[in-house]
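Dear colleague,

I am passing on to you the structure that we discussed, together with some notes on its helices and its rings. Please have the model open while you read.

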Amino acid sequence: MNALAYTRFELLRTLRSKRFFVMSLAFPLAIYFLIAAPNRNVTDLGGSGISAPLYYMVGLAAFGTMAAILSSGTRIAGERAVGWNRQLRLTPLRARDYFRAKVITAYLMAGLTIGLLYLSGTLLGVRLSAGEWLHMTELLLVGLIPLAALGILFGHLLTVDSIGPAVGGLTAILAFVSGTWFPLGNGLLNTIAQCLPSYWLVQASHVALGAGGWPAKGWIVVGAWSVALSLLAARAYRRDTRRV
């Protein structure tokens, strides 16, 4: 199996997955419409000067993409359980082509989540300039790099039974400590959060709220986590290979 054929197979398999559409698309969209639609005419949510549809779109953009891209590990754990990874290693497929296909598939899931949330926000009255949409999307895609590596790492470390609760629990914790749903203030939690890539993913979505993007610290944190988690994911993959 060559790299192009494997990537195409992964993309088609993902698009045909009912779990993908329910967890990565339907779930965040349902939450958005349940919360934002009844408040579509609220233009000053909690005295913030931000409309309710915009506020909830931003929060779910960070949360939904985080959940979508981490869920790639669930498919990897399933493949390991049935021996599919073992079969792939008997083909000429290179490790870097394997990882590239997994990352592309994870980004497909996250990209569809972003696109549908943007469309939903627009339907409920969210209006941003082209520059704000573009800048927010660019930073979201960069901020997802370490989380894509983390999803692959989890897929090679955890079993089918354990990865679902692990991914779900971690997504909830990261969303909480990174300020997805509420401001963190200037205390210890904020200091800790700034060392996490999920915090900067949330800050990427806050471009739509008037934030100016990432300072140098944000790029350093995201870059460092991307390198570290990518190396750990590659190490976990090689360990699996040696077990064959």
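Predicted model: local features only at pLDDT ≥ 70, side-chain atom pairs only at ≥ 80, totals over all residues.

Residues are numbered from 1 along each chain as its sequence is written, and side-chain values use heavy atoms, with hydrogens and water left out.

Overall fold

The protein has twelve helices and zero strands, where helices (H or I, at least four residues) and strands (E, at least two) are DSSP runs numbered from the N terminus. Read along the sequence, the pattern is α-α-α-α-α-α-α-α-α-α-α-α. Of the 244 residues, 46% count as buried; buried means under 20% relative accessible area, exposed over 50%, and partly exposed in between, with a 1.4 Å probe and protein chains only. Among contacts (heavy atoms within 4.5 Å) between residues at least 6 apart in sequence, 77% join residues at least 24 apart.

Two packed helices are described by the angle between their axes and the distance between the axes. Here axes are lines fitted to C-alpha atoms, for helices over the stretch in contact, and angles run from 0 to 180 degrees between N-to-C directions.

Helix H6 (residues 95-123) packs against helix H7 (residues 130-143) at an angle of about 155°, with the axes 11 Å apart. H6 and H7 are therefore roughly antiparallel to each other, given that angles under 35 degrees count as roughly parallel, over 145 as roughly antiparallel, 65 to 115 as roughly perpendicular and the rest as oblique. The crossing of H6 with H7 is right-handed; a crossing is left-handed if the near helix is turned anticlockwise from the far one by less than a right angle, and right-handed if clockwise. On the H6 side the contact is made by Tyr107, Ile114, Tyr118 and Thr122, and on the H7 side by Trp133, Met136, Thr137, Leu140 and Leu141. By class, this contact of H6 with H7 has seven nonpolar, two polar and no charged residues, where Ala, Val, Leu, Ile, Met, Phe, Trp, Tyr, Cys and Pro count as nonpolar, Asp, Glu, Lys and Arg as charged, and the others, Gly among them, as polar.

Isoleucine 114 is found in H6 and, at 4% relative accessibility, counts as buried. Leaving aside residues up to four places away in sequence, isoleucine 114 touches Thr65, Leu140 and Leu141. The C-alpha atoms of isoleucine 114 and threonine 137 are separated by 8.1 Å, although these residues are 23 residues apart along the chain.

H6 also meets helix H8 (residues 145-157), where the axes come within 10 Å and cross at roughly 120°, again in a right-handed crossing. Tyr98, Phe99, Lys102, Val103 and Tyr107 of H6 make this contact with Ile145, Ala148, Ile152 and His156 of H8, and the residues divide into seven nonpolar, one polar and one charged.

Helix H11

Nine of the nine residues of H11 are buried, so H11 is largely enclosed by the rest of the structure. Serine 198 is found in H11 (residues 197-205) and is buried at 1% relative accessibility. Not counting residues up to four places away in sequence, serine 198 touches Met66, Leu174 and Ser178.

The axes of helix H3 (residues 52-70) and H11 come within 8 Å and cross at roughly 140°, which makes H3 oblique to H11. H3 passes H11 in a right-handed crossing. The contact involves Val58, Ala62, Thr65 and Met66 of H3 and Ser198, Leu201, Val202 and Ser205 of H11, and these residues divide into five nonpolar, three polar and no charged.

Aromatic pairs

Rings of Phe, Tyr and Trp (its six-membered ring) pair if their centres lie within 6.5 Å, and planes under 30 degrees apart count as stacked, over 60 as edge-to-face and the rest as tilted. By this rule there are five aromatic pairs. One of them joins tyrosine 55 and tyrosine 56, which are edge-to-face at 5.4 Å centre to centre, with 85° between the planes. Tyrosine 55 is partly exposed at 24% relative accessibility, and tyrosine 56 is partly exposed at 21%. The rings of tyrosine 199 and tryptophan 200 have their centres 4.8 Å apart and their planes at 90°, so this pair is edge-to-face. Both tyrosine 199 and tryptophan 200 are buried.

With best regards
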